[in-house]
Every structure is written in structure tokens, then in C-alpha cells.
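User: Please take me through this model in short questions and answers. Begin with the terms.

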There are 2 protein chains.
Amino acid sequence: LQVARMTASLDFWFEFASTYSYPAAMRIAEVAAARGIALRWRPFLLGPIFKTQGWDNSPFNLYPVKGRYMWRDLERICADLSLPFTRPALFPQNTILASRVALVGLARDWGEGFCRAVYTAEFDEGRNIGEPEQIADVLTSLGQDAQAIMAEAQSDQIKAALRAQTDEAARLGIFGAPSFVCADGELFWGNDRLDAALDWALK
Amino acid sequence: LQVARMTASLDFWFEFASTYSYPAAMRIAEVAAARGIALRWRPFLLGPIFKTQGWDNSPFNLYPVKGRYMWRDLERICADLSLPFTRPALFPQNTILASRVALVGLARDWGEGFCRAVYTAEFDEGRNIGEPEQIADVLTSLGQDAQAIMAEAQSDQIKAALRAQTDEAARLGIFGAPSFVCADGELFWGNDRLDAALDWALK
């Protein structure tokens with residue numbers, strides 16, 4: 001029975017700089033598993049996608065009124081989920097290295113844990129995950145060989161894989177994060193659409 | 001008991017051109033009443049607020065990828081609510097007259113019904129509510145004297161009232177519609193935040 005139910009699947013597209021990706025990333029594994037939905041974690045970069053819309057910064061910085069609302073809204077959402085939250089001093093952060101390391105880890109067995117640990121560092125502990133030493137620290141705390149993995153993450157193969165993943169996000173019509181894409185291509189955008197995406201995946 | 005429970009209140013800020021305001025407007029009276037929350041309907045214009053952000057059109061037109069997603073998302077939301085939905089040929093529509101008439105009606109007893117009828121005309125029947133004859137038709141169908149009310153709606157007093165209402169929205173930090181503002185000033189943006197706003201209003 002469990003095997004049969006695991007045929008439903010969902011792609012979870014996230015960006016480490018994305019504030020609303022934080023509550024989604026911290027709970028999605030649990031809620032998807034509870035409903036028997038297989039999850040694929042898909043880190044990508046929003047920067048190149050924002051650039052095609054003419055933005056060289058987060059819209060939350062470009063439109064400060066919207067940004068002020070977002071920080072308050074995120075604070076409320078995290079409180080409702082009993083998720084710790086600290087607004088980081090720097091926003092948005094450089095997420096290229098974290099995304100590349102995530103691709104390395106997701107091909108092995110420590111990727112999801114790494115992703116959650118990066119979000120915790122950024123939005124709970126208020127650290128700057130754009131600094132390589134912070135990524136190294138996260139890897140070490142997970143019992144991984146930080147230097148070897150970070151070297152691998154900067155290989156041409158992984159760099160190309162992240163570019164390809166970002167290109168695929170754009171092709172799927174993704175313009176923000178988190179986004180959820182069902183097996184039939186149905187797209188849901190936003191932490192507040194996670195339940196709707198899970199419902200759709202089971203249709 | 002009923003009187004005591006009615007002390008909780010919520011301001012419902014909406015714009016007739018706003019797609020996500022449609023599902024909110026069609027269900028808010030019922031869900032607020034079910035929880036004993038007194039509702040104030042507050043039409044305003046998004047155009048002047050968008051202008052301060054440098055937009056001369058709806059962001060759903062300025063950013064077509066986001067626009068495509070919105071129409072699909074709205075279709076799904078309306079289906080979930082069993083709410084009829086037809087994408088209007090023109091978007092966004094000119095909502096100045098409808099908003100002024102709404103202000104006239106909300107000061108009497110037919111305002112809420114008028115607002116719902118305008119949304120139905122626009123997003124169910126696919127009509128252009130920017131045309132005065134459509135607004136006249138809606139008023140007539142509600143048993144009102146269309147010509148007298150439309151003349152009143154174009155008075156200096158009502159024009160000023162709509163400007164003041166839009167200015168107040170901007171002062172409250174409103175940047176999109178629908179928005180919900182609790183008695184303590186707490187702001188919620190989006191149809192998907194209606195339940196959270198009702199929860200907050202009862203705190």
C-alpha cells in the first residue's frame with residue numbers, strides 16, 4: 001500500500017535567498033511524507049529570472065512598502081508554525097555557493113538536511129550564507145568534509161547543472177519562490193499554496 | 001451574546017479591477033458573519049498607488065509570466081469555491097465610476113450587494129464595468145434609480161471621498177488588493193490571507 005501511494009510526486013523549487021521559501025523548506029518533507037507524496041528538491045537561482053523582468057534586486061527591496069509587509073507577514077507565518085525567525089541583516093544574500101553545494105548533496109543522502117540547515121543559518125540564526133565559511137560550517141556540523149565538497153561544488157559540472165536547473169525553472173513558468181510543480185506541469189507559487197499543490201499532486 | 005461578539009471588526013479594502021478581490025468579495029460577508037466579525041467595505045483605487053511604484057499598468061500585464069500564472073491560479077481558486085469565472089476580454093478595467101457608486105451605496109443599504117454585482121458582471125459575465133451603461137444596468141437590476149445615483153456618484157463630494165479613501169489606503173501601507181486591516185492596524189494582503197485576518201480580528 002505504501003509503495004502504491006508513493007507514486008504521487010511533487011517538485012519543490014526553492015531559492016536560498018527567498019524568505020517565503022524558508023517556512024516551506026522547513027515543513028515540506030513532513031507534510032509531503034504524511035500524504036505519501038514523493039518530493040524532489042530543486043534549488044535554483046532567482047537572480048537570472050528577476051533580471052529578465054528588469055529587476056537587479058529583490059522586489060521586496062525595490063518596492064519598500066511591499067518589503068515592509070513581507071517581513072511582518074513572514075514573522076506571523078513563522079510564529080504560527082512555531083518556527084524561529086530572525087530577520088537577517090543582509091537581504092537578499094548571495095546563494096550561488098549554497099545552491100551548488102545543495103546540488104552535490106541532493107545527489108547523495110545529505111542534501112535535504114543541508115538545505116534545512118542553510119535556511120536555519122540564514123533566517124533563524126541571522127547568518128550570511130553568502131560567506132563560504134558559513135557554508136563550510138554548515139557542512140561540518142552535518143559531519144561532511146567541507147573543503148572536499150565545496151571544491152566539488154565549484155566544478156564545471158555542478159556550475160552547469162545549476163545553470164540548467166535555473167533555465168528549466170524559467171521554462172516551467174517559474175517567476176518566484178517557493179514554487180511547486182506537479183507531475184502534470186501544474187504550477188503553484190508561494191508558501192501559502194503548498195497545501196493546494198499537495199492536493200493537486202494526489203489528484 | 002451576539003452583541004458582545006460583534007465588537008470584533010475588520011476593514012475590507014478592495015479594488016474592482018483586482019482579480020483576487022473577486023473571490024474575496026464574494027465570500028467575505030458570509031465568513032465574517034459566521035465568526036461574528038463586523039465588516040467595513042472600503043473600495044479604493046490601486047492606480048495611484050501603483051503609480052508611486054513606477055507602474056502605469058497592472059503588474060500582471062507588465063510581467064506576463066506572472067500574469068499567466070495569476071489567471072490560472074484564479075481559475076483554480078474559483079473552481080475550489082464553486083464560483084463561476086470568465087476571464088474578461090479587458091484587464092484591468094476602469095473602476096473609477098464603480099468605486100464612486102459603491103461609496104454612495106455603502107453609505108446606504110445597497111452597497112454590498114452592488115459590489116458583489118459589479119464583480120459578477122466583470123469576472124463571471126465578462127462585462128466591461130468601465131462602461132457607464134454597465135454600471136447603470138447593475139444599479140437597475142438592484143432596483144435602484146441608476147441615473148440619479150450615477151449623477152450623485154460624480155459629485156465633488158463623492159470624488160473627494162474616493163480620493164481620501166485611496167490616500168488612507170496608501171497611509172495604511174496598502175499596496176495591493178484585496179487587503180484586510182484589523183482594528184489594531186494589522187495588515188493582511190491577498191485573498192489567501194482572509195482567514196488569517198479573521199483570526200487576527202478575533203484576538
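Analyst: Buried means under 20% relative accessible area, exposed over 50%, and partly exposed in between (1.4 Å probe, protein chains only). This is a predicted model, so local features need pLDDT of at least 70 and side-chain atom pairs count only at pLDDT 80 or more, while totals for chains, interfaces and linings use all residues. Residues are numbered from 1 along each chain as its sequence is written, chains are lettered from A and ligands numbered from 1 in the order in which they are written, and side-chain values use heavy atoms, with hydrogens and water left out.

User: Is C182(B) buried or exposed?
Analyst: The cut-off for buried is under 20% relative accessible area. C182(B) has 5% relative accessibility. C182(B) is therefore buried.

User: How many disulfides does the structure hold over all chains?
Analyst: A disulfide is a pair of cysteine sulfur atoms within 2.5 Å. For C182(A), the nearest cysteine sulfur belongs to C78(B) and is 19 Å away. For C182(B), the nearest one belongs to C78(A), also 19 Å away. Over all chains, the number of disulfides is 0.

User: At what angle do the axes of α2 and α7 of chain B cross?
Analyst: Helices (H or I, at least four residues) and strands (E, at least two) are DSSP runs, numbered from the N terminus. Axes are lines fitted to C-alpha atoms, for helices over the stretch in contact, and angles run from 0 to 180 degrees between N-to-C directions. Helix α2 (residues 21-34) and helix α7 (residues 111-123) of chain B have axes that come within 10 Å. They cross at roughly 145°.

User: Which residues of α7(B) make the contact with α2(B)?
Analyst: From α2(B) come S21(B), Y22(B), A25(B), M26(B) and A29(B). The contact residues divide into 6 nonpolar, 2 polar and 2 charged (Ala, Val, Leu, Ile, Met, Phe, Trp, Tyr, Cys and Pro count as nonpolar, Asp, Glu, Lys and Arg as charged, and the others, Gly among them, as polar). From α7(B) come E112(B), R116(B), Y119(B), T120(B) and F123(B).

User: Where is S82(A) found?
Analyst: Most residues other than glycine have a negative phi. S82(A) has a positive phi, near 55°. At 65% relative accessibility, S82(A) counts as exposed. S82(A) is in the loop between α5 and α6 of chain A.

User: What is omega for the peptide bond joining F91(A) and P92(A)?
Analyst: Most peptide bonds are trans. The bond from F91(A) to P92(A) is cis. P92(A) is in the loop between α5 (64-80) and α6 (96-106) of chain A. Omega is about -5°.

User: Which residues does Q134(A) touch, not counting those up to four places away in sequence?
Analyst: Q134(A) is in helix α8 (residues 132-141) of chain A. At 18% relative accessibility, Q134(A) counts as buried. The residues touched are R127(A), N128(A) and I129(A).

Definitions and conventions:
Contact means heavy atoms within 4.5 Å.
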